[in-house]
Number of protein chains: 2
Amino acid sequence: MRHCHQKMFEEIGLKNTAQRDAVYHALERLHAPKTAEEIYLDTMHHNQDISLSTVYRILETFVEKNIIVKMTLANQTSVLYELSHHEHEHHLICLSCKKVIRITGCPLGNYEEEVAKKHHFQVDHHQLYLYGYCEDCRK
Amino acid sequence: MRHCHQKMFEEIGLKNTAQRDAVYHALERLHAPKTAEEIYLDTMHHNQDISLSTVYRILETFVEKNIIVKMTLANQTSVLYELSHHEHEHHLICLSCKKVIRITGCPLGNYEEEVAKKHHFQVDHHQLYLYGYCEDCRK
DNA sequence: TTATTTGCAAATCTTTTGCATGAGG
DNA sequence: CCTCATGCAAAAGATTTGCAAATAA
């Protein structure tokens, strides 16, 4: 039973359990937004028994502690989770293979301020998704 | 039993039923992205008995015929539907009252082409959501 | 030791589907 | 008439929850 993330859990005030460690490892391995089910299966495939409800609970806890983020894509029923990268990013979503690709850079410029002024809406953050076909699927 | 949308249904090859008419009326009244449940309740409140599964089926049909669009917001489990406006639009979502406001105008410019070039990704369309606080809630 | 975490099963919520009945053209 | 649409109830998929047992600190 490894405890690679012991220090991190300590810092954020969470007990260092084998299940939390395993879920964190899975998120590191998968390095893309994944469903709770996918994270559960990946964990099981790496010989860490866990129950699906525990995965959900751990993911919720991680979201609260801001170490992962939660997202929902258009016309997709499940919620996706990925490690927080603490940098501004957007996503490309392949309509064919459903792959999600993170990209940095942002075209918004001072658009948020324009919107704030024009619509009397105080912008906190934004999400931009570009849907299309990835290199492999456009062939 | 009114049939205000008879001509439209005829044109797109759908039978003109009281339920379809009622759902379309509800979408016109609500003029914002709403859940199937909300559309169902609005329809019932306007004295048109309908079953929730029929609402889902009608909404699916309308999506196929391109007279409405389907969307999912971040961290929200339910799918939302609204009339197609056939113009490019984005949405402001109030984090407090959950209101969704449609806006026109787009800050992307030639960003899609840049992404296509840089990431070898063929962009089909995009979604932009600005989260924050609306005029009523920022007070 | 004690509060926290986990596993299991059951509950919940949203959406879909099978099938018999009903209605539009 | 005959096909398509609807209602109902049941199924399905995703997520949450209650509770007793297990475990970290």
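**Entry 1: the model.** I am working from a predicted model, and I keep in mind that side-chain atom pairs count only at pLDDT 80 or more, whereas the totals for chains and interfaces use all residues.

**Entry 2: chain A against chain B.** I first looked up how many residues take part, and found that chain A gives 37 residues to the contact and chain B gives 37 residues. For the area, I noted that the two chains bury about 3,400 Å² between them, with 62% of it on carbon and sulfur atoms. I then searched the interface of chain A and chain B for salt bridges, and the rule finds zero. Polar contacts are present, however: I have 14 residue pairs down for chain A and chain B, with both residues at pLDDT 80 or more.

Entry 3: Which way do β5(A) and strand β5 of chain B run? They run antiparallel, and 11 bridges join β5(A) to β5(B), which covers residues 122-133 of chain B. I wrote down two positions along this pairing: A:Leu130 has B:His126 as its bridge partner in β5(B), while A:His125 stands opposite B:Tyr131, also in β5(B). As a reminder to myself when viewing such strands, side chains in a regular strand alternate between the two faces of the sheet.

**Entry 4: pairing inside chain B.** I followed β5(B) back into its own chain, where it pairs with β3(B) in the parallel sense over four bridges, and where B:Cys94 has B:Gly132 of β5(B) as its bridge partner. Strand β3 of chain B (residues 89-94) also pairs with strand β4 of chain B (residues 100-104), here in the antiparallel sense and over five bridges, and for B:Ile93 the bridge partner in β4(B) is B:Val100. The hairpin of β3(B) and β4(B) has five residues between the strands, and I noted that B:Lys98 in this hairpin takes a positive phi near 70°.

**Entry 5: the two domains of chain A.** The domain assignment divides chain A into domain 1 (1-86) and domain 2 (87-139), and I find 24 Å between their centres, taken over C-alpha atoms. Domain 1 of chain A puts nine residues into the contact and domain 2 of chain A puts in eight. Between them these domains bury about 750 Å², 59% of it on carbon and sulfur atoms. Which residues of domain 1 of chain A lose the most area to domain 2 of chain A? They are A:Met71, A:Leu73 and A:His85, which together make up 50% of what that side buries. Across this domain interface the rule finds zero salt bridges, and I count four residue pairs in polar contact, both residues at pLDDT 80 or more. The side of domain 1 of chain A that touches domain 2 of chain A divides into five nonpolar residues, three polar and one charged.

Note on methods: Residues are numbered from 1 along each chain as its sequence is written. Chains are lettered from A and ligands numbered from 1 in the order in which they are written. Side-chain values use heavy atoms; hydrogens and water are left out. Contact means heavy atoms within 4.5 Å. Buried area is the accessible area (1.4 Å probe) that two parts lose on being put together, summed over both. A salt bridge is a side-chain nitrogen of Lys or Arg within 4 Å of a carboxyl oxygen of Asp or Glu. A polar contact is a pair of N or O atoms within 3.5 Å; within protein, one must be able to donate a hydrogen and the other to accept it, and residues adjacent in sequence count only if both atoms are side-chain atoms. Two strands pair if DSSP finds at least two bridges between them. Domain bounds come from an automatic or database domain assignment. Ala, Val, Leu, Ile, Met, Phe, Trp, Tyr, Cys and Pro count as nonpolar, Asp, Glu, Lys and Arg as charged, and the others, Gly among them, as polar.
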